[in-house]
Amino acid sequence: VKTSGKNNYQYYSSEMNQKNKRKMLLESALRNALNHNELSIYYQPKINIHTKELTGVEALLRWNSTEHGTVSPTEFIPIAEESGLIIPIGEWVLKTACKQNKLWQDSGYVPINMSINLSARQFQQNNLIPVIKETLEETQLDSKYLNLEITETMAMININQSVTKLKQLKELGVSLSLDDFGTGYSSLNYLKKFPLDVLKIDKSFIHDIISDEQSTAIVKAIISVSKSLNLTVIAEGVETIEQLEILKSEKCDLAQGYYYSPPIPAYELEKMLTFTEEL
Ligand code: C2E
Ligand code: CA
Ligand code: CA
Ligand code: CA
């Protein structure tokens, strides 16, 4: 005899099974994604709001799986993270993006910054510093053009260890951004312990900046904190001119988002670069 409780349970458990099944299938496909050339990197411009100059790009991983089609990073990055696949994949992203930036410079374009997302697992690896160092040596990219994005949550797991690591990264000459700022739980007190260069305002605040006074207040506060700590501040997820105008009047430095451009392949990004001679 079926009770409704049992039905609920069966429904719930089959949904769980399907999710787990997809996760397992994705993980096994992801294991071969590098060898099968299914991964690529898109680049999204970071624009100086006041001068309109393109100052850098963020490298964003894309996966086009032969079996599963396009899979969003929000779905596969956590799987890569849990399975440890993020280590080889993350190293591939680092190397490919640094190589691309060096290639642009060698082609005569005005140098820009390359921002690369580090995952929590990568950040905790003992060999992070040598990996970054070797990548820079191998690709011949000047470290001042490499920017690493870490999240608040990652940095807060072990604060003392993070401070040491971040200082070592700074010694290599790379710059550091704190990503998704405002969504985590770091206090301003810790913020000043980290040797950061850039604060990235999370896109959830930018999304609500027009409709929600609280989000506007948070954005203003983050900009003002950035200024007082001498950090560059960038807004992510800027989609409209209205959002941009507020950010401009609040003296936010940089912006990134669909308003300017979605993440695009290297050959398309190239069209937005300036030749050194054009200066
Ligand atoms: P994130 O680092 O916060 O990256 C910003 C996300 O916002 C990207 O999503 C980007 O495509 C999206 N975005 C950019 N402009 C707009 C906009 O105007 N509106 C909206 N709604 N979204 C915008 P994406 O590419 O799907 O990446 C999602 C997340 O996956 C990233 O969030 C990052 O945490 C992770 N990720 C992506 N590539 C890598 C990677 O190479 N390594 C690691 N560890 N994580 C990565
Ligand atoms: Ca990021
Ligand atoms: Ca972000
Ligand atoms: Ca995010």
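This is a predicted model: local features need pLDDT of at least 70, side-chain atom pairs count only at pLDDT 80 or more; totals for chains, interfaces and linings use all residues.
Biologist: Start with the metals. Which residues coordinate the calcium ion (ligand 2)?

Modeller: Read a metal site from its donor atoms. Here the calcium ion (ligand 2) is held by E58 (OE), N117 (OD1), E149 (OE) and D179 (OD). The distances run from 2.2 to 2.3 Å.

Biologist: How are the donor residues of that ion spaced in sequence?

Modeller: The pattern is E-x58-N-x31-E-x29-D. Take one pair from it. N117 sits in strand β4 (residues 113-117), and D179 sits in strand β6 (residues 175-181). They are 62 residues apart, so the pair links distant parts of the chain.

Biologist: What does D180 bridge?

Modeller: D180 is also placed in strand β6. D180 bridges the calcium ion (ligand 4) and the calcium ion (ligand 3), with 3.6 Å between the two ions.

Biologist: Now a helix pair. At what angle do α3 and α5 pack?

Modeller: Look at the angle, the axis distance and the handedness. Helix α3 (residues 86-106) and helix α5 (residues 128-139) pack at about 35 degrees, and their axes are 9 Å apart. The crossing is right-handed.

Biologist: Which residues in α3 and α5 meet?

Modeller: From α3 come E91, L94, K95, C98, K99 and K102. From α5 come V131, I132, T135, E138 and T139. By class, the contact has four nonpolar residues, two polar and five charged.

Biologist: Which residues are buried in helix α2?

Modeller: Helix α2 spans residues 73-83, and F76, I79, A80 and E81 are buried there. After a helix, check the backbone too. G84 follows α2, with a positive phi near 90 degrees.

Biologist: Where does Q140 lie?

Modeller: Q140 lies in the loop between α5 and β5 (146-151). Its relative accessible area is 56%, so Q140 is exposed. A polar atom of the Q140 side chain lies 3.0 Å from the backbone oxygen of E137. Q140 and Y259 are 119 residues apart in sequence, and their C-alpha atoms are 33 Å apart.

Biologist: How many residues separate E242 and I210 along the chain?

Modeller: That pair is 32 residues apart, and the C-alpha atoms are separated by 7.5 Å. E242 belongs to helix α11 (residues 241-249). At 47% relative accessible area, E242 is partly exposed.

Biologist: One last residue. Is S226 buried or exposed?

Modeller: S226 is buried, at 0% relative accessibility. S226 lies in helix α10 (residues 213-228). To find partners beyond the local chain, set aside neighbours within four places in sequence. S226 then contacts L199, L231 and V233.

Terms used: Residues are numbered from 1 along each chain as its sequence is written. Chains are lettered from A and ligands numbered from 1 in the order in which they are written. Side-chain values use heavy atoms; hydrogens and water are left out. Axes are lines fitted to C-alpha atoms, for helices over the stretch in contact, and angles run from 0 to 180 degrees between N-to-C directions. Helices (H or I, at least four residues) and strands (E, at least two) are DSSP runs, numbered from the N terminus. A crossing is left-handed if the near helix is turned anticlockwise from the far one by less than a right angle, and right-handed if clockwise. Contact means heavy atoms within 4.5 Å. Ala, Val, Leu, Ile, Met, Phe, Trp, Tyr, Cys and Pro count as nonpolar, Asp, Glu, Lys and Arg as charged, and the others, Gly among them, as polar. Donors are N, O and S atoms within 2.8 Å of the metal (3.2 Å for Na, K and Ca); water is not among the atoms, so sites may look incomplete. Buried means under 20% relative accessible area, exposed over 50%, partly exposed in between (1.4 Å probe, protein chains only). A polar contact is a pair of N or O atoms within 3.5 Å; within protein, one must be able to donate a hydrogen and the other to accept it, and residues adjacent in sequence count only if both atoms are side-chain atoms.
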